[in-house]
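Dear colleague,

I am passing on the structure we spoke of, and my notes on it follow below. Please read them with the coordinates open.

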There are 2 protein chains.
Amino acid sequence: MADVARLAGVSMATASRALSGSAGVAPATRERVLAVAAEFSYVVSPEASRLAGGATRRVAVVVPHLSRWFFGALLEGLDGVLGDADLDVLLYQVKHASDRRDFFERLPARRKVDAVVVLAFPLREHERKRLELMGVTIVAAGGRSDSYPYVCIDDYAAGRRAVDHLVTLGHRRIGMIATVDPEESGWPGTVRRREAYHDALRDAGIPRDENLEVTVEWGGCHGAEAMERLLRVTDPPTAIFAWADEYALGAIRTLRRAGLDVPGDVSVIGIDDHPLAELTDLTTVRQPVRQQGILAGQMLIGLLRGDAVDRAVTVPTGLVLRGSTAPPRH
Amino acid sequence: MADVARLAGVSMATASRALSGSAGVAPATRERVLAVAAEFSYVVSPEASRLAGGATRRVAVVVPHLSRWFFGALLEGLDGVLGDADLDVLLYQVKHASDRRDFFERLPARRKVDAVVVLAFPLREHERKRLELMGVTIVAAGGRSDSYPYVCIDDYAAGRRAVDHLVTLGHRRIGMIATVDPEESGWPGTVRRREAYHDALRDAGIPRDENLEVTVEWGGCHGAEAMERLLRVTDPPTAIFAWADEYALGAIRTLRRAGLDVPGDVSVIGIDDHPLAELTDLTTVRQPVRQQGILAGQMLIGLLRGDAVDRAVTVPTGLVLRGSTAPPRH
């Protein structure tokens, strides 16, 4: 900017005001400054006028996975709302431990964003501290957070809906395919889905059998493997509660390959209502994923404006009955 | 920065050099400037030192959909490479016509990015002109581009692989479920898949029947509807070439609901190798989607560095035989 000011024959302060469109600059002066700036390909930059602590109009979105439907749908909802508010989204994918380390080391050291949205993964203590250094607004979406305002589903209620449905159909041998991310720990949702399964069995007077609980890493193929293990159990399950539709579809593949009919021999229910659940006739507990992204975006915009907002939003889930569940054969 | 310079008792130039870590500033002076800057919460900003046309270290990624697997996987590959190169990704979702208009009006007016990556959608003439105004590097991924360096598959080859497979199995009544996006037109890939279908039939001496070509909007449920129409044709098809796995899964649902066996009564093949294709035992033509994102990121980094790079990269596709195709019943 010093060059622009010099060539236009004005002070730095005047050049700055002219470029930023502030009041107090004579029209002729402004025109001269803009002409010089244009010659320099000097684009009026939001950053330039806001260096000392102003808003960047940018939001960092931190997401562990981009090719999984759940995260894509969350991001789609969130990005739409932020874009409409003229906020730019800086995307940070923290797929691996090294990405996470890099992200949490680098981002706070620069003043790049006004806010951070964390999509569906739990932060560790030292990561929280790094984010706090930035002094920016933080929102969590797609999972409950103990530290930040959040939008999520009630994982306990979702799990109960699924298992209660199987119990109501008359099933007593109900298997569970649960998930664990080897790089994560302590995501509260997972704990709550397991609690829901245990409580639903207890309330129905069904004894727990640890052989019917299989925990695998994320991915439909792991759901298929989990089902293979469940089929090898003495007195195998007649119904499966899968923590996600992808697992449920994997389980169904295993059942079909074993010559078993779904739902004739084994019922299967998932959670999510993945777009392909409808195409594969899968009974599931629907969660509105895109909507969670939208609500998180609206919450963030409210917080940035200083509005009083509800900082703990839980969106409802609902049972979607399709063709993969039925009463057990007698 | 003027305030920092004044309070530190140095010139703007010295303050700037001290903050940016340039040579030629006495250690004591640098320390004084940094101390004053710290008091002002003045963060050394990459933007500040590069206002007159330097690199922003940011890349705009323009994508029409985020919740569809194909775009998420492309973005995942691309984002990983750019992140490793310490480039920030500014995400622009242009789902609707109004988003597109906004994006192409606004982005070029600001110098926010060093480069633009366009993910799998064709640009209109006036959009190309707007992007060119920016004078930045542009790369297309997930679709061939007439205007920019690109990474894509050979859509003709993919289509041929699919239809030739059905022909080789002995099918003569081969239906096609094609796609059209009402907001798009002229995406070269779509034209090439249709050509491949026509050529494969011609080479096999199979007469064309327009009743066997159904074009629908994107989405698995539209694949299901397309299949309903194909079943109503006199002498219905014994095999289906679907332009995407989602369509194929939709078609399979319709066939099952009609009491038809896949592949006993009707064979179905898709394109993509969607993660759920494996779980649903779908024969398909695999395209490496994440890899296209990775290669586009590497191409972009090469272009930004001024390296000589291959500006037209076509990644191979391959037939994945699973359980949804078989010879026709006689």
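To begin with the cysteines, Cys221(A) is partly exposed, because its relative accessible area of 28% falls between the cut-offs of 20% and 50%. Cys152(B), by contrast, is buried, with a relative accessible area of 2%. A search over all chains of the whole structure finds 0 disulfides.

Please keep in mind that this is a predicted model, for which the predictor gives an ipTM of 0.80 and a pTM of 0.82 for the complex. Chain A has a mean pLDDT of 86, with 85% of its residues at 70 or more, but over residues 38–53 of chain A pLDDT stays under 50, although the model has 26 contacts for them beyond four places in sequence. Where pLDDT is low, the predicted coordinates should not be read in detail.

The largest nonpolar core holds 146 residues, and those with the most contacts inside it are Leu119, Ile177 and Phe241 of chain A together with Leu119, Ile177 and Phe241 of chain B. Apart from that core lies another, of 34 residues, which includes Val62(A), Val118(A), Leu131(A) and Met134(B). Leaving aside residues up to four places away in sequence, Ile177(A) touches, among others, Val214(A), Met227(A), Phe241(A) and Trp243(A).

Helix α13 of chain A, residues 289–305, has 17 residues that should span 24 Å at 1.5 Å a residue, and the 25 Å between its end C-alpha atoms agrees with this. Among the buried residues of α13(A) are Val289(A), Ala296(A), Leu300(A) and Leu303(A), and the elements covering its buried residues include β1, α5 and β11 of chain A. Just after α13(A), Gly306(A) takes a positive phi of about 85°.

With best regards

Definitions and conventions. Residues are numbered from 1 along each chain as its sequence is written. Chains are lettered from A and ligands numbered from 1 in the order in which they are written. This is a predicted model: local features need pLDDT of at least 70, side-chain atom pairs count only at pLDDT 80 or more; totals for chains, interfaces and linings use all residues. Side-chain values use heavy atoms; hydrogens and water are left out. A nonpolar core is a set of buried Ala, Val, Leu, Ile, Met, Phe, Trp, Tyr and Cys residues joined through side-chain atoms within 4.5 Å. Buried means under 20% relative accessible area, exposed over 50%, partly exposed in between (1.4 Å probe, protein chains only). Contact means heavy atoms within 4.5 Å. pLDDT is the predictor's confidence in each residue, from 0 to 100. A disulfide is a pair of cysteine sulfur atoms within 2.5 Å. Helices (H or I, at least four residues) and strands (E, at least two) are DSSP runs, numbered from the N terminus. The expected span of a helix is 1.5 Å times one less than its number of residues.
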